[in-house]
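Have the viewer open as you read.

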Amino acid sequence: MKIIILQFMAIIAMILISCNDKENSVYLKNGSYSECATGKNLTKAQEETAYVEISAVNTNTLRVDMYHVQLNCALEKIESSISYNEKVIKFTPIGDDANCLCGRQLTYEISNLQEGQSYDCVIMQENSEYASFKFDFTRDLTQTINLN
C-alpha cells in the first residue's frame, strides 16, 4: 500500500512540475503584421532603414515593433519558436513563394520574460537569418535598434 501511495505522490509531483514549467515559459502574444507598405509618405532613406522599437509593457512583457522589414509579398503568417533554455526567440515568415519583397511592420508582445535576463531575437527569411537583435529585459526597457 505504501508503494502505491508513493507512486501516486510521485505522479502528482511530476504533473505539478510540468505545469509549473509551462507557466514559466516565455511565449508570444498579440502578434500582427502590416500589408505591404507603399512608401508614399516615406523618404527613400526611411524606406531602406529597418529598425526595431522595444519597450516594456509591465514587469514581464515586452512590446516589439519592427519597421520596414523586407519580407515575402505573399506572406500569410509569422511563426515563432522560442527556445527558452537558450533565450532565443525566432520569427519565421510563412507564405507562398513570390519573387518580390516588400516592407512590412511587425508588432508583437513577448510575455513571461525574466528581469535582468538577456535574450536574442532572430528574424528568418528563406531559411536564413534576415536580421537579429539582442536585449536585456528590465521593467523600464525602452530602446530603438537599427537592423541594417
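Buried means under 20% relative accessible area, exposed means over 50%, and partly exposed lies in between (1.4 Å probe, protein chains only). This is a predicted model, in which local features need pLDDT of at least 70 and side-chain atom pairs count only at pLDDT 80 or more, while totals for chains, interfaces and linings use all residues. Residues are numbered from 1 along each chain as its sequence is written, and side-chain values use heavy atoms, with hydrogens and water left out.

Q: Why is Asp-65 called buried?
A: Its relative accessible area is 8%, and the cut-off is under 20%, so Asp-65 counts as buried.

Q: What makes the pairing of Asp-65 with Thr-107 a polar contact?
A: The two side chains come to 2.8 Å. A polar contact is a pair of N or O atoms within 3.5 Å; within protein, one must be able to donate a hydrogen and the other to accept it, and residues adjacent in sequence count only if both atoms are side-chain atoms. Thr-107 also has a polar contact of 3.2 Å with the side chain of Gln-105.

Q: Is Thr-107 buried or exposed, and how do you know?
A: Its relative accessibility is 11%, which puts Thr-107 in the buried class because the limit is under 20%.

Q: In which strands do Asp-65 and Thr-107 lie?
A: Asp-65 lies in strand S3 (residues 61-72), and Thr-107 is found in strand S6. Strands (E, at least two residues) and helices (H or I, at least four) are DSSP runs, numbered from the N terminus. The chain has two helices and nine strands, in the order α-β-α-β-β-β-β-β-β-β-β from the N terminus on.

Q: What makes a set of residues a nonpolar core?
A: The members are buried Ala, Val, Leu, Ile, Met, Phe, Trp, Tyr and Cys residues joined through side-chain atoms within 4.5 Å. The largest such core has 26 residues, of which Ile-54, Val-64, Met-66, Phe-133 and Phe-135 touch the most other members. S3 gives the most to this core, with five residues.

Q: What makes a space a pocket?
A: On a 1 Å grid over the protein atoms alone, a pocket is an open set of points with protein on both sides within 12 Å along at least five of seven lines, whereas a cavity is a set where a 1.4 Å probe fits but cannot get out; lining residues have an atom within 4 Å of a point. The largest pocket's lining includes Asn-72, Leu-101 and Met-124, and its largest share, four residues, comes from S5.

Q: How many residues of the chain count as buried, as a percentage?
A: Of its 148 residues, 30% count as buried.
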